[in-house]
Amino acid sequence: MKRRNFIKKASVTGLGIATVSSSLIACKETIQEDAIAKKDEKAVLPVVVATWRFHNATKAAWEVLKNGGTAIDAIEQGCRVEEADVNNTTVGNGGTPDRDGHVTLDACIMNKNGNYGAVVCMENIAHPISVARKVMEDTPHVLLAGKGAEEFAVSKGFVRENLLTASRKKAWEKWKEKSEYKPIINIENHDTIGMLAIDKNGDISGGCTTSGLAYKMAGRVGDSAVIGSGLFIDNAIGGATATGMGEEVLKTVGSFLIVELMRQGRTPQEACEEGVKRIVSSNPNYKNFQVGYVALNKKGEFGSYCIHPGFGVSKYQEDKQTYIASGSYIQKK
């Protein structure tokens, strides 16, 4: 190549590099400005969200938040409402028993510091969410099971009571005639209350409580009380909770996945959608069960997504209760 042509091409290339470099710098500055702008956006707080139409629970949690209470107190009080409702056949007192006729309860709670407490397969104690909090605050452990959880609860002043109501006993006895187990999508035989709340200080906490799958095998534990599956909280990012077929949530560590996706920049909605798609892509049987996710970021923005239509979210924010139907992977026909 002649020297003149080489210099000419080098000059053009140099100009191109300079132009590209300038563009990259401008782009970088724009990204930084956007990040600062997003960081400076005012969060709409406090806020509480929960799976399904648990309006009484979100109302109770909101009252705590409205009066200046902490997110962890709001979570406990909100979940206790459903645990005490004998007409809710999937949570607490009045929950549907396992196939041997025992009502066994699972619950967990997680606070702003990442501390966690849980109980699984606990019988005879109506408020597992409160026992889970005691595990978190009063023991060096994070999870107690079965009789150990029950004995611990009694030592903390909780009273034993029969949780199998007459109507649930009758339904169980009828089920025993055929003893067939089949999950029913969006029917109250396997749904949980998962709740996320941010208080006026911007701190987030979460809780999850359930009696699990109706007529499950004795000793079965789902995702609800397992950290990272039924619930995960990171006070720097946000939180997520799950409902539906716990085995599928467990296999994908769904709530942890969703929070990590939000850490990477996904919105709560985008993160929930990806969480569901992970399950769908790994299980060809996905049309036969339901899973739903709810996520909340530190700005008070929420998202939800499920496999089948029919799931939704109760939300209390700015002194207003709303119910939002969730988007779904399978569309309505």
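Met 110 has its place in strand 2 of this predicted model. Met 110 is buried, with a relative accessible area of 2%; buried here means under 20%.

**The chain as a whole**

The chain has 333 residues, and buried residues make up 50% of them. Its secondary structure comes to nine helices and 13 strands. Among contacts between residues at least 6 apart in sequence, 64% join residues at least 24 apart.

Eight strands form an open sheet in the order 4-3-2-6-5-1-11-12, with mixed pairing. Strand 4 and strand 12 stand at the edges with a single partner strand each, so one side of each has no neighbour in the sheet. From one strand to the next, the twist averages 10°. Strands of a sheet pair through backbone hydrogen bonds, either parallel or antiparallel.

Strand 3 takes part in both kinds of pairing. With strand 2 (residues 105–110), strand 3 pairs in the antiparallel sense over five bridges. These two strands form a hairpin with five residues between them, and Gly 114 in the turn has a positive phi of about 85°. On the other pairing, three bridges join strand 3 to strand 4 (residues 143–145), and these strands run parallel. The table lists residues that stand opposite each other in these pairings.

| Residue | Residue opposite |
|---|---|
| Cys 108 | Ala 118 in strand 3 |
| Ala 118 | Leu 143 in strand 4 |
| Val 119 | Leu 144 in strand 4 |

Is strand 3 enclosed or open to the outside? Seven of the seven residues of strand 3 (residues 116–122) are buried, so the strand is largely enclosed by the rest of the structure.

**Helix 4**

Between strand 3 and strand 4 the chain passes through helix 4 (residues 128–138), and this β-α-β crossover is left-handed. Helix 4 lies across strand 2, strand 3, strand 4 and strand 6, and runs at about 130° to strand 3. Eight of the eleven residues of helix 4 are buried, so this helix, too, is largely enclosed by the rest of the structure. The buried ones are Pro 128, Ile 129, Ser 130, Val 131, Ala 132, Arg 133, Val 135 and Met 136. They pack against helix 3, strand 2, strand 3, strand 4, helix 5 (146–155) and strand 6 (204–210).

**Helix 2**

Helix 2 (residues 55–66) has twelve residues and reaches 16 Å from its first C-alpha to its last, close to the 16 Å expected at 1.5 Å a residue. Which residues of helix 2 are buried? They are Ala 57, Thr 58, Ala 61, Trp 62, Val 64 and Leu 65. Seen down the axis of helix 2, these residues fall within an arc of 155°, so they line one face of the helix. Their cover includes strand 1 (47–51), helix 3 (71–84), strand 5 (193–198), strand 11 (312–317) and strand 12 (320–325). Just after helix 2, Gly 68 takes a positive phi of about 90°.

Ser 211 is in the loop between strand 6 and strand 7 (231–234). Is Ser 211 buried or exposed? Ser 211 is buried, with a relative accessible area of 0%. Apart from neighbours within four places in sequence, its contacts are Thr 89, Thr 90, Val 91, Gly 95, Thr 96, Thr 104, Leu 105 and Lys 216.

Gln 331 lies in the segment after strand 13 (327–328). At 55% relative accessibility, Gln 331 counts as exposed, since the cut-off for exposed is over 50%. Gln 331 and His 308 are 23 residues apart in sequence, and their C-alpha atoms are 7.2 Å apart in space.

Terms used:
Residues are numbered from 1 along each chain as its sequence is written. This is a predicted model: local features need pLDDT of at least 70, side-chain atom pairs count only at pLDDT 80 or more; totals for chains, interfaces and linings use all residues. Side-chain values use heavy atoms; hydrogens and water are left out. Helices (H or I, at least four residues) and strands (E, at least two) are DSSP runs, numbered from the N terminus. The expected span of a helix is 1.5 Å times one less than its number of residues. Buried means under 20% relative accessible area, exposed over 50%, partly exposed in between (1.4 Å probe, protein chains only). The arc is that of the directions from the helix axis to the C-beta atoms. Contact means heavy atoms within 4.5 Å. Two strands pair if DSSP finds at least two bridges between them. A crossover is right-handed if, with the strands pointing away from the viewer, the path from the first strand over the helix to the second runs clockwise. Axes are lines fitted to C-alpha atoms, for helices over the stretch in contact, and angles run from 0 to 180 degrees between N-to-C directions.
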